[in-house]
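Here is a short briefing to read alongside the model.

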Amino acid sequence: IAARLREVFYFDALGAPTHRKGRYFYSRKHADKEKTVVYWKQGERGAEQVLFDPNTWSTDGSSGLGGWWPSRDGKYVAYAKKENNADETVTYLRDVATGKDLTDVIAGTKYASVSWTPDSKGFYYTWVPPVGGDVTIANRPGYAELRFHKVGADPATDAMVHPRTGNPQTFLRGGLSWDGTWLFAGVQHGWNSSDVYFKPAADPKAPWTTLVAGVPANFEVTAWKGRFYVNTNDGAPRYQVFAVDPRKPARADWKLIIAQNDDTLENVDVIGGQLVVSYLRNVTSAIEIHGLDGKRLRSIALPPLGTASGLLGTPDEDTAYFGFASFTEAAVNYQTSIKTGKVREWSRVKLPIDTSGFVVEQVRYPSKDGTPIPMFLLRKKDAPRDGSNRVLLYGYGGFNVSL
């Protein structure tokens with residue numbers, strides 16, 4: 001049993017790629033390595049080259065890779081490195097062509113993700129000071145600042161773009177719109193509410209304008225072609241989407257373009273000049289393409305009864321990528337055209353498991369109060385359905401029962 005478990009738990013896997021100016025970046029999990037390796041290649045058919053291999057960073061496995069973010073031109077990749085199995089990270093910059101790090105080393109990036117400028121000359125990130133003096137572990141989140149780093153500059157001189165909130169119950173984040181026009185700052189209050197502010201990126205001295213603040217709901221904003229697209233659960237627990245003119249940011253001027261429906265709207269992004277909307281529909285993934293006016297254009301053809309990882313793409317490129325997995329299908333990466341909806345397989349790994357003898361079906365079972373609970377039944381095709389089969393029943397909420 002132990003040998004078989006090693007076979008099926010230690011397997012190869014590929015992540016969906018990120019494309020930047022002809023270069024493709026993606027992660028690969030190897031069956032014989034503990035940590036995921038990040039690769040890149042020039043063109044889809046280019047030779048695979050290692051970008052980061054955390055397995056070589058320490059002899060005891062205590063060094064690891066956090067996030068990684070390619071620049072717009074694909075020349076650099078910012079990446080967060082963890083030491084001693086800690087949550088703390090230090091951000092470095094790697095030259096992709098040479099495989100060597102630049103002298104830029106930014107400490108205090110525990111909560112950071114990187115938002116590159118269109119010219120790839122710098123990026124925005126969240127910085128926190130080290131613990132010491134007035135800064136304690138408990139109040140440290142309130143000291144977070146939004147900063148800008150110019151490639152090649154001393155991080156100690158990085159400009160503060162948004163000051164700390166002073167409230168340890170909040171989390172400050174921010175980023176730049178894809179076209180470089182708008183800079184956003186978000187203040188997250190736990191998991192239940194967020195405030196959003198914006199300003200023109202071309203004017204560092206411009207004041208922040210409030211888009212929404214003090215509302216007990218979450219707001220995610222994507223900007224494209226002079227409009228903000230706001231995904232929110234304010235007044236809609238399954239989320240809805242508004243279009244906002246930044247010249248008229250008052251809530252009364254927001255235009256509802258995608259109303260709440262029976263599905264849960266999980267994510268909205270602009271890819272290929274259209275709105276890509278990801279839903280949870282009957283406990284499975286569904287991805288739809290909508291025009292910038294909110295009108296539904298088509299669905300992305302997904303295999304049945306599975307989970308999609310969400311599309312990776314940019315607002316100005318038609319091609320996007322996503323991963324998909326199900327109970328009987330290992331993760332497969334697909335390429336799709338936003339314009340046509342065509343889907344083709346981009347990469348697949350083979351597992352030492354033959355799933356052709358299994359079948360999955362979705363059923364609903366009434367709970368004690370009559371609520372229909374969706375369930376998936378995974379079984380052998382030839383299993384008799386006479387109530388004599390042993391069943392492993394598991395689900396969300398912490399219970400795991402063997403019958």
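Strand 11 and strand 12 (residues 145–150) pair in the antiparallel sense over 6 bridges; strands are DSSP E runs of at least two residues, numbered from the N terminus, and pairing requires at least two DSSP bridges between two strands. Across this pairing, F123 stands opposite H149 in strand 12. This is a predicted model in which local features need pLDDT of at least 70, side-chain atom pairs count only at pLDDT 80 or more, and totals for chains, interfaces and linings use all residues. Residues are numbered from 1 along each chain as its sequence is written, and side-chain values use heavy atoms, leaving out hydrogens and water.

**The other neighbour**
- Strand 10 (residues 115–116) also pairs with strand 11 in the antiparallel sense, over 2 bridges.
- F123 is the bridge partner of W116 in that pairing.
- The two strands form a hairpin with 5 residues between them, and S120 in the turn has a positive phi of about 65 degrees.

**Burial of strand 11**
- Because 6 of the 6 residues of strand 11 (residues 122–127) are buried, the strand is largely enclosed by the rest of the structure; buried means under 20% relative accessible area (1.4 Å probe, protein chains only).
- G122, Y124 and T126 point one way, while F123, Y125 and W127 point the other way.

**Whole protein**
- The secondary structure comes to 1 helix and 33 strands.
- Buried residues make up 42% of the 403 residues.
- The C-alpha atoms fill a box of roughly 70 × 55 × 45 Å along the principal axes.

Technical notes: Buried means under 20% relative accessible area, exposed over 50%, partly exposed in between (1.4 Å probe, protein chains only). Helices (H or I, at least four residues) and strands (E, at least two) are DSSP runs, numbered from the N terminus.
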